[in-house]
Amino acid sequence: VRVGNHIVEQAKAISRCKDYTGMVLVVIIGTNDAASVKTDNDMARFKRCFEAFCLDLLKVPGLYLLPCALLPRRLQKRRPDRVYNMYPCNQAIRDVCKKVRSMSEFRNRIRFSDIDRDVSEVRYLPDQFSPSIVVPTKIPLVGMIKERDNVHLTAEGYSRMVSSLLNSVNLIPKTEFGFHAGDRKPKKFQKKNKV
């Protein structure tokens with residue numbers, strides 16, 4: 001909550017700058033909260049907090065919000081109580097984005113970005129807390145997660161993540177930024193005469 005409030009305040013401060021014309025805000029937030037989600041009540045709280053965070057950010061004029069999927073994790077030996085399955089919370093973030101996007105005032109100002117699709121895959125494995133139940137789990141692909149902490153990506157993982165993120169940004173229609181065709185005419189290429 002504290003980090004989310006800080007992000008909202010920073011976005012508001014940027015919007016008050018003299019030459020501000022708008023921004024695209026990419027957020028990857030909630031992995032530590034997701035690692036504590038063990039019950040339906042925990043999940044409901046996670047969704048409520050994430051939705052409130054998005055709605056607060058979208059009060060900032062000219063802000064386009066790009067919430068991203070949480071990155072995959074593995075079980076941490078030092079913290080075996082931490083949930084490593086980010087799949088359920090990623091689905092919750094996707095649902096929140098869909099809900100906020102259905103609100104007429106925010107329809108063209110938010111889009112979910114599945115940035116972990118090239119660094120992980122979905123498998124069905126026994127649940128960490130209920131081994132008799134099989135659940136979908138995001139499994140990091142080989143070489144994508146640092147073995148030292150089982151949380152942070154490797155250089156290759158971050159490279160793939162950034163590629164996915166750039167693809168997401170490129171998919172945002174220009175009209176969603178408030179740009180319209182014809183606002184700026186492209187410069188014509190002129191041949192230079194050879195001497």
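## Two strands side by side

In this predicted model, strand 1 and strand 2 run parallel to each other, paired over 5 bridges. One of the places where they meet is M23, whose bridge partner in strand 2 is L63.

Now follow the side chains along strand 1. M23, L25 and V27 point to one face and are buried.

Helix 5 covers residues 155–170. Let's check its length. With 16 residues at 1.5 Å a residue, the helix should span 22 Å, and its end C-alpha atoms are 23 Å apart, so the two values agree.

Which residues of helix 5 are buried? They are G157, M161, S164, L165 and S168. Looking down the axis of helix 5, you'd see these buried residues fall within an arc of 100°, so they line one face of the helix. Here's the background: an α-helix has 3.6 residues a turn, so residues three or four places apart point the same way.

What lies over those buried residues? The cover includes strand 1 (23–27) and strand 2 (63–67), the pair of strands we started with. On the face of helix 5 turned away from the buried side, you'll find the exposed residues A155, L166 and N170.

## Salt bridges

How many salt bridges does a search of the whole structure find? It finds 8. The general idea is simple: side chains of opposite charge can pair when their charged atoms come close. Let's look at some of them.

R94 forms a salt bridge with D114, and their closest N and O atoms are 3.6 Å apart. R94 sits in helix 4 while D114 sits in the loop between helix 4 and strand 3, so this pair ties together parts that are 20 residues apart in sequence. R94 is partly exposed, with a relative accessible area of 34%.

E156 and R160 also form a salt bridge, with their closest N and O atoms 2.9 Å apart. These two are 4 residues apart in helix 5, so about one helical turn separates them. E156 has 40% relative accessibility and counts as partly exposed; R160 is partly exposed too, at 32%.

Then there's E121 with R123, whose side chains meet in a salt bridge at 2.8 Å, N to O. E121 is partly exposed, with a relative accessible area of 32%, and R123 counts as partly exposed at 42%.

## A buried aspartate in a loop

Buried or exposed: which is D116? With a relative accessibility of 0%, D116 counts as buried, because the cut-off for buried is under 20%. D116 is found in the loop between helix 4 (87–101) and strand 3 (120–126).

So what surrounds D116? Leaving aside its neighbours within four places in sequence, D116 is in contact with A69, L70, L71, P72, N90 and K138.

The protein averages a pLDDT of 87, and 88% of the residues score at least 70. Residues 179–190 are another story: their pLDDT is below 50, and beyond near neighbours in sequence this stretch has 3 contacts in the model. Where pLDDT is low, the predicted coordinates should not be read in detail.

Notes: Residues are numbered from 1 along each chain as its sequence is written. This is a predicted model: local features need pLDDT of at least 70, side-chain atom pairs count only at pLDDT 80 or more; totals for chains, interfaces and linings use all residues. Side-chain values use heavy atoms; hydrogens and water are left out. The expected span of a helix is 1.5 Å times one less than its number of residues. Buried means under 20% relative accessible area, exposed over 50%, partly exposed in between (1.4 Å probe, protein chains only). The arc is that of the directions from the helix axis to the C-beta atoms. Contact means heavy atoms within 4.5 Å. pLDDT is the predictor's confidence in each residue, from 0 to 100. A salt bridge is a side-chain nitrogen of Lys or Arg within 4 Å of a carboxyl oxygen of Asp or Glu. Two strands pair if DSSP finds at least two bridges between them.
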